[in-house]
Amino acid sequence: MTISEQLFRRAEAVIPGGVNSPVRAFGSVGLTPRMIASADGAHMTDEDGREYLDFVGSWGPMILGHNHPTVREAVIRACENGLSYGAATKREVEMAELICGSVPNVDMIRMVNSGTEAVMSAIRAARGYTGRDRIIKFAGCYHGHADALLVQAGSGVMTAGIPDSAGVPEGCAKDTLSAVYNDEMSVQRLFDAFPKEIAAVIVEPVGANMGVVPPQKGFLEALRRICTKYGSVLIFDEVITGFRLAFGGAQAYFGIDADLITYGKIIGAGMPVGAYGGKREIMECVAPKGPVYQAGTLSGNPVAMAAGLAQLTLLKENPELYTDLNRTGAWFFGELGKIAEQSGFPAAVNSCGSLGCVFFTDTDVVNYETAKTSDTEQYAAYFRYMLDHGIYLAPAQFEAMFLSAAHTEEDLRTALDLIGDYFRRD
Ligand SMILES: *Cc1c(COP(=O)(O)O)cnc(C)c1O
């Protein structure tokens, strides 16, 4: 038994499923997790000393690669001054100013500790601001594990949400309406039914939790138009896309204004951080300025802020990083698409900037229904082949591949060659 396997045995006895987040389990690919011991740049090493080229990047935060010296040194320096004070600090001000000064429509921002918390709080703020209860989310978009967001698509668009997890009371899901990604009419129909009851529409501006599903031309524009017309808050969940597609996130990349924006992942550079921000009149509803309560003992933690501030400052000062990363993404996922096509393998490659994924289907993937046509057994076989050859992909079909500034052309060519070998193997 490998050291990873031994550790996983021990983990299973004391941690549900042996992991602290279900996406880390290797169940859907028929393996047990590799226990990671260290990571540097685009590479990770497990407890058995096996090395991997990593395409998960901690699910997004590692846009500069793992263990970036600038971030690491900022964290070490911050640690020397104590880990937490539960009091206001200068770094929180600098963090808020950096973001408000460079991201569209973020007049004010509140730091929290995870993406889940950011989304949960943004929805509360939108409800407090509008005095309405209902929200619209899109099937296949993930917004963290708050009760109201663990909702399946109803059988018809008029149905209220059905809990997608045990332990979520029906009452918590009843105000969550489910629409179809890339289908503006599915949203319009919900507003026709409840014109004055919808507090917010929340969307991943690039779907990145059902595999990668970019918005079709006009979709985000339509959401903006509809929200403005009905006085609803448009929430862009930019926990993945924020500071990734561009420093200004999807808003800047697509040129669409949101009212509230949620962040996580990159904003903490690997520390547990989230944030929500947006238009001043909405954010001023948040306590202690306004009546919408939201708090956090460790929010704006000095060490976490040091990590996030170091990464964001570096990204802001080097805008060519985005040009390069997006160009690399276009090239890499373009090549991947060509390989799939030439091999005749039933695979569809979707991408947007440095995010992409391979769906094992010959259907165009534009929403959750079409994403689900993927052959997940095929994905599992592909995953195992790649892992055997030192490439660490997400251990589930419906996740993204994340490129970072640390992936070299040589790394990416190695990955393309292996994927090509796999596609041509059958
Ligand atoms: C990861 C993610 C979240 C949840 O963030 P956590 O930090 O895991 O709580 C929310 N929204 C999106 C789009 C995400 O990708």
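## Exercises on charges, rings and cavities

Glu 73 and Arg 72 form a salt bridge, with 3.9 Å between their closest N and O atoms. The model is predicted, so local features need pLDDT of at least 70 and side-chain atom pairs count only at pLDDT 80 or more, while totals for chains, interfaces and linings use all residues. Residues are numbered from 1 along each chain as its sequence is written, and side-chain values use heavy atoms, with hydrogens and water left out.

**Exercise 1. Find which part of the structure Asp 259 and Lys 279 each lie in, and what their salt bridge ties together.**

Step 1: recall the rule. A salt bridge is a side-chain nitrogen of Lys or Arg within 4 Å of a carboxyl oxygen of Asp or Glu. Side chains of opposite charge can pair when their charged atoms come close.

Step 2: check the distance. The closest N and O atoms of Asp 259 and Lys 279 are 2.8 Å apart.

Step 3: Asp 259 is in the loop between α8 (249–254) and β11 (260–263), and Lys 279 is in the loop between β12 (274–278) and α9 (280–283), so the bridge ties together parts 20 residues apart in sequence. Helices (H or I, at least four residues) and strands (E, at least two) are DSSP runs numbered from the N terminus.

Step 4: look at exposure. Buried means under 20% relative accessible area, exposed over 50%, and partly exposed in between (1.4 Å probe, protein chains only). Asp 259 is buried at 9%, whereas Lys 279 is partly exposed at 21%.

**Exercise 2. Work out how Lys 338 and Glu 335 are placed in helix α11.**

Step 1: their side chains meet in a salt bridge, 3.0 Å from N to O.

Step 2: the two are three residues apart in helix α11 (residues 320–343), which means a separation of about one helical turn.

Step 3: Lys 338 is partly exposed at 45%, and Glu 335 is partly exposed at 25%. In total the structure holds 13 salt bridges.

**Exercise 3. Classify the ring pair of Phe 26 and Phe 383.**

Step 1: use the cut-offs. Rings of Phe, Tyr and Trp (its six-membered ring) pair if their centres lie within 6.5 Å; planes under 30 degrees apart are stacked, over 60 edge-to-face, and the rest tilted. This rule gives 23 aromatic pairs.

Step 2: apply them. The centres of Phe 26 and Phe 383 are 5.3 Å apart and the planes stand at 90 degrees, so the pair is edge-to-face.

Step 3: Phe 26 lies in the loop between α1 (3–14) and β1 (36–40), and Phe 383 in helix α13, so the pair ties together parts 357 residues apart in sequence. Both Phe 26 and Phe 383 are buried.

**Exercise 4. Describe the lining of the largest cavity by residue class.**

Step 1: define the space. On a 1 Å grid over the protein atoms alone, a cavity is a set of points where a 1.4 Å probe fits but cannot get out; lining residues have an atom within 4 Å of a point. Grid points are joined across faces, edges and corners, and a volume is the space filled by probe spheres set on the points.

Step 2: the largest cavity holds about 70 Å³. Its lining includes Cys 357, Tyr 379, Gln 397 and Glu 399.

Step 3: sort the lining. Ala, Val, Leu, Ile, Met, Phe, Trp, Tyr, Cys and Pro count as nonpolar, Asp, Glu, Lys and Arg as charged, and the others, Gly among them, as polar.

Conventions:
On a 1 Å grid over the protein atoms alone, a cavity is a set of points where a 1.4 Å probe fits but cannot get out, and a pocket is an open set with protein on both sides within 12 Å along at least five of seven lines; lining residues have an atom within 4 Å of a point.
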